Amino acid sequence: MSQLWIYIKTNMRANAKQWPALLAMYVVMPVFFSFLMGFSFSSLFVPEETSDPIEVSINNGDNGGTGQALVDTLNTEAMQNYVDIVEGGEEADFIIHIQPEYSQRLEETLVEVESKENASASQETILVQMITEYQNVLVNQQALANEMATINDQAIVEQLVVSLDRVASLSAEQVFEKQQYESQSSLTSNQFTSVSGLIYIFILSLAGSVGMKTKEEMKGLRKRIGVLPLTPAKDVIYGITSDTIMFVLLGAIYMIIWHLIDGNTFVGNPLFYLGWLTLYAFLFQVLNNVLFYFIPDKYANVVYQVFTMIFMIFGFMPIDRLLGENFQDFLSTNYYREIFSEPMYDYIINQQWNNHIGLAFGIVIVGVILTLIVIQLRTRRELKPS
């Protein structure tokens, strides 16, 4: 255990000396790239629409109280997000004219909506619809009151009043049944690309193995690593552990920055993300060792480029949304996204921990098996006579 601690501490100190380069490559670049992609693909995800209140001016000529009731209704706090009453018709997009006989002849008298030449047609439709619904309610109430006046049986009248009061007191929760369902369409573009950018950090980490194998300036480091007094098993395990810790720290910084940029990203319990971050960091550092020890030097960069291309197509880009339903039918299951992104997507939407427990165990098992294979290969190479 002391050897492991010394290995990790030494590795961390070496990385700390080049922290500006590490942060730039593994944090700043993925944040910038994923933010740019999120902005570019925003129209493919949940639309974030806001609408300004409809600016109206009211000309109330009603001789009774019904016209003023309409003015008071449009001026309530609940309507302020939809209607903004301004003084004077010059500043308003619409002018509402309430006729003098509105109270006396409610069913026959229409409210006139006057619009400016360049006023929004959709806002006009909304405004007319609101006033129409309001007037229909008033007409129905008036008809009900007239009908109740003709009923001689007071018990029936009282029973009807009680029924109406019961209906009026119903809440939305009592009338409608609320159900949640899982759907990727609930994600915003920033939520989608922020998770993809996190995996991009680990894709970039694979470049470390390529550099160790192919760059001339790394040969000295490779020789120094080779003479460390460690068994092949310890060398592999200590390296995976140390690199996993480093990339968990870098990934955590990435997630904090993204959450500061957009509070809707990486929502919920941080321990959930820390757990999956550790799993992915472990898996990719195992793949790093596989790439280093299994792939010949001349093919290492090609394999890394293939990894990157697959990630960009199936992981980073919302390819199913870009190409439409035909591609969705062809690619019924995006296995890349199912493994590396779906656990976090599901948690962002549903806040449930246990949807992908089986996948988590699978990642651990695959990582352990690959680690044992790498150790066996290292051991054989060490025992092989030169």
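## Glutamine 123

Glutamine 123 is found in helix α4, residues 121–149. Helices here are DSSP runs (H or I, at least four residues), numbered from the N terminus. This is a predicted model: local features need pLDDT of at least 70, side-chain atom pairs count only at pLDDT 80 or more, and totals for chains, interfaces and linings use all residues. Residues are numbered from 1 along each chain as its sequence is written, and side-chain values use heavy atoms, with hydrogens and water left out.

Is glutamine 123 buried or exposed? Glutamine 123 counts as buried because its relative accessibility is 18%. Buried means under 20% relative accessible area, exposed over 50%, and partly exposed in between (1.4 Å probe, protein chains only). Leaving aside neighbours within four places in sequence, glutamine 123 is in contact with Asp52, Pro53, Ile54, Asp93 and Phe94. Contact means heavy atoms within 4.5 Å.

## Threonine 244

Threonine 244 lies in helix α9, residues 232–261. At 9% relative accessibility, threonine 244 counts as buried. The side chain of threonine 244 reaches the backbone oxygen of isoleucine 240 at 2.6 Å.

Which residues beyond four places in sequence are in contact with threonine 244? They are Thr278, Ala281, Phe282 and Gln285. Alanine 281 is 37 residues away along the chain, yet its C-alpha atom is 5.2 Å from that of threonine 244.

## Two packed helices

Helix α10 (residues 270–294) packs against helix α15 (residues 342–350). Their axes are 11 Å apart, at an angle of about 175°. That makes α10 roughly antiparallel to α15. Axes are lines fitted to C-alpha atoms, for helices over the stretch in contact, and angles run from 0 to 180 degrees between N-to-C directions. Angles over 145 degrees count as roughly antiparallel, under 35 as roughly parallel, 65 to 115 as roughly perpendicular and the rest as oblique.

From α10, the contact uses Phe272, Tyr273, Trp276, Leu277 and Tyr280. From α15 come Pro343, Met344, Tyr347 and Ile348. By class, this contact has nine nonpolar, no polar and no charged residues.

## Nonpolar cores

A nonpolar core is a set of buried Ala, Val, Leu, Ile, Met, Phe, Trp, Tyr and Cys residues joined through side-chain atoms within 4.5 Å. The largest has 45 residues, and Phe266 and Met344 touch the most other members. The largest share of this core, 11 residues, comes from α10.

Methionine 344 touches residues including Val195, Leu198, Phe266 and Trp276, not counting those up to four places away in sequence. Another core, of 16 residues, lies apart from the largest one. Among its members are Val56, Val71, Phe94 and Ile96.

Conventions
Polar contact = N/O pair within 3.5 Å; in protein donor to acceptor, adjacent residues only side chain to side chain. Nonpolar A, V, L, I, M, F, W, Y, C, P; charged D, E, K, R; others polar.
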